[in-house]
Amino acid sequence: MVEQTYKDIYNKFHDELLGNSPEVLNSVREEAFEVFERMGFPTMDQERYRRSNIPSLFEPEYGVNIKHLMVPINGQPFRCEVPGLHTYTFYVVNDVFASDVNKEEYNALKEKGVIFGSLKTIAEEHPELVKKYYAKIAPHKSEAVIAFNTTFAQDGFFVYVPKNVTIEKPIQLINVMHADFDFLANSRNLIILDEGAEAKVIVCDHSEKDRKFLSNRVTEIYIGKNARYSHHKMVDSARATTSIGGVYIKQMEGSTSNISDIVLNAGFVRNDVHIDLAEKYAETTLCGVCIGDEHDHIDNDTFIEHSASNCKSTELFKYILDDCAVGSFAGRILVDQDSQKTEAYQSNKNICSSTHAKMYTKPQLVIYADDVKCSHGATVGQIDDGALFYLRSRGISEKEAKMLLKLAFTNDIIEKIDIEALRNRIKVLVEKRFRGEQHRCTICNSCK
Amino acid sequence: MLLEIKDLHAIIKSNGKEILKGINLTVNSGEVHAIMGPNGSGKSTLSSVLAGHPAYEVTGGEVIFNGKNLLELSPEDRSHEGLFLSFQYPVEIPGVSMTNFMRAAVNEHRAYKGEEALSASEFLKLMKSRSEYVELDSKLAGRAVNEGFSGGEKKRNEIFQMAMLEPKLSILDETDSGLDIDALRIVAGGVNKLKNADNASIVITHYQRLLDYIVPDFVHILYKGKIVKTAGKELALELEEKGYDWIKKELGE
């Protein structure tokens, strides 16, 4: 059993792991390990994992970075640039937070009272704050992948935005997989917006191409009353990289979130998004564009829970699959009893542009309240022949015409990204991706 | 000779039904030809086949356009060679802006001729001047191709694209359908402005009305996949007066 390796690691290095880690993270470790020990990795006969073989991902003997070792990056690796976009930039290399928070560029954040930096450090410096939220949103007691993450988590990115504080400039978190050997990274992020706070976070996932990497990144986000939060993730990784994990969000009364997932390049992605609209008048927009070709595998499992009345959710995912790529989308929406006046809309549209590409789509609406407006729709099709001929009849080559139509297909989703410079950049990157001009985003040059 | 169609036969690929059953037609530069005919006679099929629509298969005959075997060319190369089809039902393409669409088209035409791509400012100037041909709003540039356009705007947009691409041969497939009289005048005005001694048009229509504005040199009647009668512009008037039954009678049906 592939689990046994990791159970042995935990038992053998238990003391060292606890010794390296802050008390807050250790306090749930044992409990998480018991869950993992009992459940093991989810297998493909479990409904939610029918399309992704999780145990096989752990088969290579990666080991675990128990010692919290930093793999140094030589030269000048991190110059991240989106034209016209200025961000507070932070790095997590593998599973170690790697930015120097004392740099001047972060002073504006400090002046606002924002607490940010390494989860490990902040958990030591502000244990009460971290304890209040850590492992409270991502369900490690019922999800083995989260239990695994919680068992071994030592570090990641942390930010706390105090009450009524607005951070105008987006925060950019860059996750890089970098090592001269195959590596399993297990990182944990915690993002907290207190009442009335506002922040935007851009997450970029990158990896080097020469090694096999597996990342299991779990992000918990708490969006307080009337707070406004945006979270845009872009995956631009090498084909030999596997990414699992997810984003777990809890929204309080009147809060708003704008979440997007753009998969530009990836070998294997299993991404879970769970948004709990825990109090009334909370709103969320969850979007995704996934581009796959060759043997790429992109699996999104989303769950939006309307736990209170008068909440609204809009969910839009589009996949464009070529060659032998496999896509999977599951969209569960649960409207609890008494969540009256709920509005929940979901749409998943997909293009398979080759005969071998496969798309699995599964909308699931479970509604226990009567006074609600809910809709869902899913399509899998090809590029519209009529539109293709129209473009070609004007002298646009078949290849270019297909590219224009694919871009057009993704356009409405990208338009939902609420940071203009990022939106424009992603349009360019998506176009380059479809043209096959480039396999790296150059938002940073960390993975050249 | 700009276009020579000889004994053209074509079927619908999906069901094998033969629609064109031996078309013969010759068009010279400087000429305007009208093709009229009852519903289902094959008018739109002829225009689709000439433009290279993949739903049809040519089963016989040949088409020489500008000295080249048209049927061997891809739809895009037919366009590059100077063929233009104004669609009866222009396609809406959400997410593709008119500017990007036309820039791609114009620059591929230029590349085909070995010319450099237009600069952004040259291109926008061209867009602006050509949109005036059909009194199309300049806001059009930012809108998606035909999305949310009214029937009249769609047809004006077709003629605008024709003005951008300056084809040698334009096929106007029922460009008058769905147009009120003002829009018809604007569309026809655009077509007439683009007319010169080096280009030609084939105007496909049900009604004489359009031919008051775009005056043809020849009128052909297409019936059951064949051209059964050809004459001057007076034929359109006669047809309007007597109806298609007259043709059927003449053919002994």
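**Exercise 1.** At what angle do helix H9 (residues 385-392) of chain A and helix H10 (residues 398-414) of chain A pack, and how far apart are their axes? Classify the arrangement and describe the contact between H9(A) and H10(A).

*Solution.* The model is a predicted one. In it, H9(A) and H10(A) pack at an angle of about 130 degrees, and their axes are 9 Å apart. That angle makes H9(A) oblique to H10(A), and the crossing of the two helices is right-handed. On the H9(A) side the contact involves Ala387(A), Leu388(A), Leu391(A) and Arg392(A), which meet Glu398(A), Ala401(A), Lys402(A), Leu404(A) and Leu405(A) in H10(A).

**Exercise 2.** In what order do the strands of the open sheet in chain B lie, and which strands stand at the edges?

*Solution.* The four strands of this open sheet follow the order S2-S1-S4-S5, with antiparallel pairing. Strand S2 (18-27) and strand S5 (68-69) of chain B each have a single partner strand, so one side of each is left without a neighbour in the sheet. Strand S1 (residues 3-12) of chain B pairs with S2(B) in the antiparallel sense over seven bridges, and within this region Ile11(B) has Glu18(B) of S2(B) as its bridge partner.

**Exercise 3.** Describe how helix H4 (residues 120-131) of chain B packs with helix H5 (residues 151-165) of chain B.

*Solution.* The axes of H4(B) and H5(B) are 9 Å apart, and the packing angle is about 130 degrees, which means that H4(B) is oblique to H5(B). The crossing is right-handed. Leu126(B), Arg130(B) and Ser131(B) of H4(B) make the contact with Phe160(B), Ala163(B) and Met164(B) of H5(B), and these residues divide into four nonpolar, one polar and one charged.

Note on methods
Residues numbered from 1 in each chain as written. Chains lettered and ligands numbered in written order. Predicted model: local features only at pLDDT ≥ 70, side-chain atom pairs only at ≥ 80, totals over all residues. Axes fitted to C-alpha atoms, helices over the stretch in contact; angles between N-to-C directions. Parallel < 35°, antiparallel > 145°, perpendicular 65-115°, else oblique. Left-handed = near helix turned anticlockwise from the far one by under 90°. Contact = placed C-beta atoms within 7 Å. Pairing = 2+ DSSP bridges. Nonpolar A, V, L, I, M, F, W, Y, C, P; charged D, E, K, R; others polar.
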